[in-house]
Amino acid sequence: MSPISRLFSLPKNHTCLITGGSRGIGLMLAKGYYASGSTVYISSRTKKDLEEAVKAIEAQDTSLDSNNATKGKVVAIEGNVGSRQGCVDLVSSLKAHLPSPSLSLLINNAGCAWGEPFERSSGKMNWGWDKVLDLNLKAPFYLSHECLPLLSSGPPGSVNGRVINIGSVVGMTPQDAPTHAYDASKAGLHHLTRKLSADLAKAGVTCNAVAPGFVPTKMSEGLGSYATFEDIARQTPLGRLGDADDMVAACLYLSGRGGEWVTG
């Protein structure tokens with residue numbers, strides 16, 4: 001059996017692209033992979049957000065991470081993955097930064113939410129649905145397609161890169177908020193993950209989804225008008241909300257040797 005430290009750590013020269021990596025769950029993951037020694041490429045639409053994220057990532061104390069023999073690196077790439085061309089452009093920019101034409105991990109994290117009561121007709125319905133589906137469902141497909149040559153650059157028959165899609169528990173159990181497009185997009189992303197897992201397995205690439213419950217972020221603050229954080233925590237079986245450790249631990253498992261035989 002492999003050493004336990006190898007099962008739950010990242011390989012040397014690990015690289016990952018995290019979309020929406022400037023805040024929320026994406027920033028949590030970027031900090032975690034950086035602390036684990038990975039070269040982390042984070043993308044966002046806003047240059048200012050990226051600059052602030054890079055400062056926050058580099059400022060964290062990683063001295064207590066015993067497995068962190070090599071300090072990580074973070075690279076910011078400005079881009080909008082809300083369209084197919086935006087996804088193509090982002091991967092093109094990524095290639096210019098990569099030291100070699102290979103990528104260890106793609107985390108499809110960028111997302112947005114929109115909602116209004118079912119009985120209301122504000123005129124934004126088409127805009128809202130299109131925006132959510134473009135970013136939450138279409139972008140992971142386009143990016144997985146564009147990144148596949150980078151993720152499958154190893155020798156035939158070898159285990160190559162990984163894809164992790166950030167889904168949501170509301171993709172399985174709808175929430176008590178008028179977020180029809182968001183909930184449906186996450187359910188679609190879960191199914192897309194299963195579909196892609198069969199396609200990517202042919203190239204030795206795994207594809208999984210993490211479906212977190214409520215994790216306090218700027219985006220999730222919008223639910224405050226429907227329920228308080230305390231109310232949501234009480235409705236959770238374990239009685240608490242999720243945090244950065246929960247997100248990072250789950251994704252690191254799927255990224256290392258321990259998650260090599262897990263896909264779909």
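Is the crossing of helix 5 and helix 6 right-handed or left-handed?

Tutor: The crossing of helix 5 with helix 6 is right-handed, where that word means that the near helix is turned clockwise from the far one by less than a right angle, and left-handed means anticlockwise. The model is a predicted one, in which local features need pLDDT of at least 70 and side-chain atom pairs count only at pLDDT 80 or more, while totals for chains, interfaces and linings use all residues. Residues are numbered from 1 along each chain as its sequence is written, and side-chain values use heavy atoms, with hydrogens and water left out. Helices (DSSP runs of H or I, at least four residues) and strands (E, at least two) are numbered from the N terminus.

Two packed helices are described by the angle between their axes and by the distance between those axes. Helix 5 spans residues 125–151 and helix 6 spans residues 180–201; their axes come within 8 Å and cross at roughly 15°. These axes are lines fitted to C-alpha atoms over the stretch in contact, with angles running from 0 to 180 degrees between N-to-C directions. Helix 5 and helix 6 are therefore roughly parallel to each other (under 35 degrees; over 145 is roughly antiparallel, 65 to 115 roughly perpendicular and the rest oblique). On the side of helix 5, the contact (heavy atoms within 4.5 Å) is made by Trp129, Val132, Leu133, Asn136, Leu137, Pro140, Phe141, Ser144 and Leu148. Helix 6 contributes His180, Ala181, Tyr182, Ala184, Ser185, Lys186, Gly188, Leu189, Leu192, Leu196 and Leu200. By class, there are 14 nonpolar, five polar and one charged residues in this contact; Ala, Val, Leu, Ile, Met, Phe, Trp, Tyr, Cys and Pro count as nonpolar, Asp, Glu, Lys and Arg as charged, and the others, Gly among them, as polar.

Trp129 belongs to helix 5 and is partly exposed, at 31% relative accessibility (buried is under 20% relative accessible area, exposed over 50%, partly exposed in between, with a 1.4 Å probe and protein chains only). Leaving out residues up to four places away in sequence, Trp129 touches Trp114, His180, Ala181 and Ala184. Ile107 lies in strand 4 (residues 105–108) and counts as buried at 0% relative accessibility. Beyond its neighbours within four places in sequence, Ile107 is in contact with Leu17, Ile18, Thr19, Leu29, Tyr33, Ile164 and Ile166.

The axes of helix 2 and helix 8 (residues 244–255) come within 9 Å and cross at roughly 60°. That angle makes helix 2 oblique to helix 8, and this crossing too is right-handed. The contact holds nine nonpolar, two polar and no charged residues.

Helix 2 (residues 24–35) also packs with helix 3 (residues 47–59), the axes coming within 9 Å and crossing at roughly 40°. Helix 2 and helix 3 are therefore oblique, and helix 2 passes helix 3 in a right-handed crossing. Leu27, Ala30, Lys31 and Tyr34 of helix 2 make the contact with Ala53, Ala56, Ile57 and Glu58 of helix 3. These divide into six nonpolar, no polar and two charged residues.

Finally, the cysteines. The count comes to zero disulfides, a disulfide being a pair of cysteine sulfur atoms within 2.5 Å. Cys16 is in none, as the nearest cysteine sulfur, that of Cys251, is 10.0 Å away; Cys16 is buried at 0% relative accessibility. For Cys87, the closest cysteine sulfur is in Cys147, at 9.0 Å, too far for a bond. Cys87 is buried, with a relative accessible area of 0%.
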